[in-house]
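Subject: Structure handover

Hello,

Here is the structure you were waiting for. Please open it alongside this message.

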Amino acid sequence: MSEREQHETTRPAVSPPRSAAEASSTAGLRRELPAEVPAGGPPAAQEPAVAAPREEAVAPEPGGPALTGRQRLVKGLWPPRVTRAQLIVALLLFGLGFGLAVQVASTSDTDSALRGARQEDLVRILDELDDRTERLEDEKQGLEKQRDELENSSDQAEEARRQTIEKERQLGVLAGTVAAQGPGIEMTIEDTKGTVESDMLLDAVQELRAAGAEAIQVNGVRVVAGTYLTDGDGGVSVDGNKIKSPYRFKVIGKPQDLEPALNIPGGVVQTLEKEQATVTVERADKIVVDALRAPKRPDYARSSSQ
């Protein structure tokens, strides 16, 4: 007999009995296995695999189909649940957007007249700005000259007296207490429809002042710094003096600055013509402004040098 046959003959046919602890452990393991897993365990060839995480499904409503991922997303977003902080942030953003929109709209309205202007109108506006700059520069140089004369004059008292008299004349022209003459323009406004109001004439006065007008007279009434215009029955009142159409402006200043200022796009002439009024502007080498205003002593203001 060979050695292998002898070994198989001597091997016991029945397995030796196991201890009570081993039997109890095996029984507990069998109880813990799921019902679908056979008691003998998985086949030897099948390796245990780790279960992949699954997306938790939302329990469907009784009697309804299961919800898909998109339906669960829509259900989570609607109806929206807004907190107090989110509401405050939304209001702040709305206010910021509204302010920006208003600012853009106002800027667009301001620039619309220039965007639609013709090339020659734009050139004329630029020339007017250059003339204003030149006028201010001349005024600056005149003041500097007066200062140098006072500093270098041998008789400073006499020079100061002379400049004071000259300044008094200039202030008298501005205050309307003395007559004035010089180059300028005459503007006539024919209002046959009665549509011209006081604010339109006031715009004309302000535009002329901005263009360098030094003396203005309207239908025999001198226009000064404190002049006011109001609407009346069948006309306009200037400082309480009622005037009627046609409105005649006599203006002393540089004609090359005054006339373009009235004719700019969207300016005085264009506005009056929209109201069906007829406006004529003529340049003149000599304009006489002889309407005077009585000097009024202030009730409370006094010179600080006294």
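Below is what came out of it, starting with the ground rules.

This is a predicted model, with local features needing pLDDT of at least 70, side-chain atom pairs counting only at pLDDT 80 or more, and totals for chains, interfaces and linings using all residues. Residues are numbered from 1 along each chain as its sequence is written, and side-chain values use heavy atoms, leaving out hydrogens and water.

**Core.** The largest nonpolar core has 31 residues. (Such a core is a set of buried Ala, Val, Leu, Ile, Met, Phe, Trp, Tyr and Cys residues joined through side-chain atoms within 4.5 Å; buried means under 20% relative accessible area with a 1.4 Å probe, protein chains only.) Ile189, Leu208, Ile216 and Phe249 touch the most other members. Helix α7 (residues 198-210) gives the most to this core, 5 residues. Helices are DSSP runs of H or I, at least four residues, and strands are E runs of at least two, numbered from the N terminus. A second, separate core has 5 residues, including Ala180, Ala215, Ile252 and Val289.

**Helix α5.** Its end C-alpha atoms are 49 Å apart. That agrees with the 50 Å that its 34 residues should span at 1.5 Å a residue, where the length is multiplied by one less than the number of residues. Asp121, Ile125, Glu128 and Asp131 of α5 are buried.

α5 supplies the largest share, 7 residues.

Best wishes

Key: Buried means under 20% relative accessible area, exposed over 50%, partly exposed in between (1.4 Å probe, protein chains only).
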